[in-house]
Amino acid sequence: MGRIILHVHGKLKNRNLKVLFEEYTGRLGNRISVIIHSEKHTPAEYVQSLPKTAILLDEKGQQISSVDFSQEVQKWGLDQNDMHLAIGPHEGFGEVSQFPKISLSKMTMTHEFATVFLCEQIYRAFEIIKGTSYHRE
């Protein structure tokens, strides 16, 4: 069973967002691994360090619902390979085209907030898969 590996460009500096990030990664336990990439890397260097199968979280990416995302997470869980999701640096990924992209929202948000938001959506996906009452339509 593959795991979800979350790639983050730089450590979360906002104390409140860091607490939320730790809350959701704690809830997810061993279903997620987090790799913090040095914020000294340029966006190009960061992208080059990602596995070729990574999915970028980018405002220009495809928008999907939480339920659709949970279906993707369920497929990834059946795969033997790990799924890599990457949150970009604060200046974005630029015009990178070799990776598929998912958008968390049409609205712009900080990369730190996007990291917390993505962790919550991953947690929500697992709760949808389990059929708990966490997610309501």
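**Close-up views of a predicted model**

**View 1. Leu57 finds its partner across two strands.** In this predicted model, Leu57 has Ile87 in E4 as its bridge partner. E3 and E4 run parallel, and three bridges join them.

**View 2. Five strands line up as an open sheet.** Read across the sheet and you get the order E2-E1-E4-E3-E5, with parallel pairing. At the edges sit E2 (32–37) and E5 (101–103), each pairing on one side only. From one strand to the next, the twist averages 45°. Helix H4 lies across E1, E2, E3 and E4, and runs at about 170° to E1.

**View 3. Here is the largest nonpolar core, with 26 residues.** Among those with the most contacts inside this core are Ile4, Phe69, Trp76 and Leu118. Strands E1, E3 and E4 and helices H1, H3 and H4 each supply at least two of its residues. H4 gives the most, with eight. Zoom in on Leu85 and you'll find it touching residues including Ile4, Leu57, Phe69, Trp76 and Ile122. There is also a second, separate core of nine residues, including Tyr46, Leu56, Val96 and Phe99. Nonpolar side chains tend to be buried together in soluble globular proteins.

**View 4. Helices H3 and H4 cross.** Their axes come within 8 Å and cross at roughly 75°, so H3 is roughly perpendicular to H4. On the H3 side, the residues that meet H4 include Phe69, Val73 and Gln74; on the H4 side, Leu118, Ile122 and Arg124 are among those that meet H3. Sorted by class, this contact has nine nonpolar, four polar and one charged residues.

Conventions. Residues are numbered from 1 along each chain as its sequence is written. This is a predicted model: local features need pLDDT of at least 70, side-chain atom pairs count only at pLDDT 80 or more; totals for chains, interfaces and linings use all residues. Side-chain values use heavy atoms; hydrogens and water are left out. A nonpolar core is a set of buried Ala, Val, Leu, Ile, Met, Phe, Trp, Tyr and Cys residues joined through side-chain atoms within 4.5 Å. Buried means under 20% relative accessible area, exposed over 50%, partly exposed in between (1.4 Å probe, protein chains only). Helices (H or I, at least four residues) and strands (E, at least two) are DSSP runs, numbered from the N terminus. Contact means heavy atoms within 4.5 Å. Axes are lines fitted to C-alpha atoms, for helices over the stretch in contact, and angles run from 0 to 180 degrees between N-to-C directions. Angles under 35 degrees count as roughly parallel, over 145 as roughly antiparallel, 65 to 115 as roughly perpendicular and the rest as oblique. Ala, Val, Leu, Ile, Met, Phe, Trp, Tyr, Cys and Pro count as nonpolar, Asp, Glu, Lys and Arg as charged, and the others, Gly among them, as polar. Two strands pair if DSSP finds at least two bridges between them. Lists of a residue's contacts leave out its neighbours within four places in sequence.
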